[in-house]
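Read the following with the model open beside the text.

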Amino acid sequence: NNYLNLQGGSVKQWTSADGGSTILLTQRNFDVTISALGYATLFLDRKVYIPEDVEAYVVKSDNALEKDGYIQFTKVTGILPENTGVVLKNAGTYEFTTSIENATADVTNNMLTGTVVDAEIAKEAGNSYYILANGEEGVGFYNPTIGEDTTKFNNAANKAYLVVPASEDAEAASYSFRFGEGTTGIDQI
């Protein structure tokens, strides 16, 4: 006798003689739309292949805050690890396919994080928070609030946000993008 059962998010198969073993049935694809403005953020709870036509960036804390007032992007390629926030570049709709292989993108010290469900985020003391938006200074990272409440903000499902330690941050209202000229970064406003 063979049995199949869903246990803790995994499909288990076993016979009456053993304790069961896990099997993978399918890969899951995620369609991600980057607006005509050309930028979006992404945060997924599983490893995915970065499509060839998409540029993906992290913000690494070890070289993020430069003396010239910019936060630097670091481009990543290959397989993106689970629970990793990235900024995506290139307008269009792209398919991100779940990977069962090991992640290959270097995302160590990434300052982007996110949520896989719509969530209210409480701002912790000692950090500054920014979400990607098209605000007064154009597309960039802006300090989010819920109405007049500056202690929390809403984050959409599968979206990333930037967390900057307050000791390294000038508590800017926003950071705008700067791409090109050999430098890829976010300009402090």
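Apart from its neighbours within four places in sequence, F96 has contacts (heavy atoms within 4.5 Å) with R28, N29, F30, V32, L42, V48, Y49, I50, P51, V54 and L88. This is a predicted model, in which local features need pLDDT of at least 70 and side-chain atom pairs count only at pLDDT 80 or more, while totals for chains, interfaces and linings use all residues. Residues are numbered from 1 along each chain as its sequence is written, and side-chain values use heavy atoms, with hydrogens and water left out.

F96 belongs to the largest nonpolar core, a set of 19 residues in which L42, V76, L80, V86, L88 and F96 touch the most other members. Such a core consists of buried Ala, Val, Leu, Ile, Met, Phe, Trp, Tyr and Cys residues joined through side-chain atoms within 4.5 Å. Buried means under 20% relative accessible area, exposed over 50%, and partly exposed in between, with a 1.4 Å probe and protein chains only. At least two residues of this core come from each of β4 (29-34), β5 (39-44), β7 (55-58), β11 (84-89) and β12 (92-97). A second, separate core has 10 residues, including V59, V87, L112 and Y130.

Strands here are DSSP runs of E with at least two residues, and helices are runs of H or I with at least four, numbered from the N terminus. The protein chain has 0 helices and 20 strands. Of its 189 residues, 38% are buried.

The loop between β11 and β12 holds N90. N90 is not a glycine, yet has a positive phi of about 115 degrees. Its relative accessibility of 25% makes N90 partly exposed. N109, in the loop between β12 and β13 (112-115), also is not a glycine and has a positive phi of about 60 degrees. With a relative accessible area of 41%, N109 is partly exposed.
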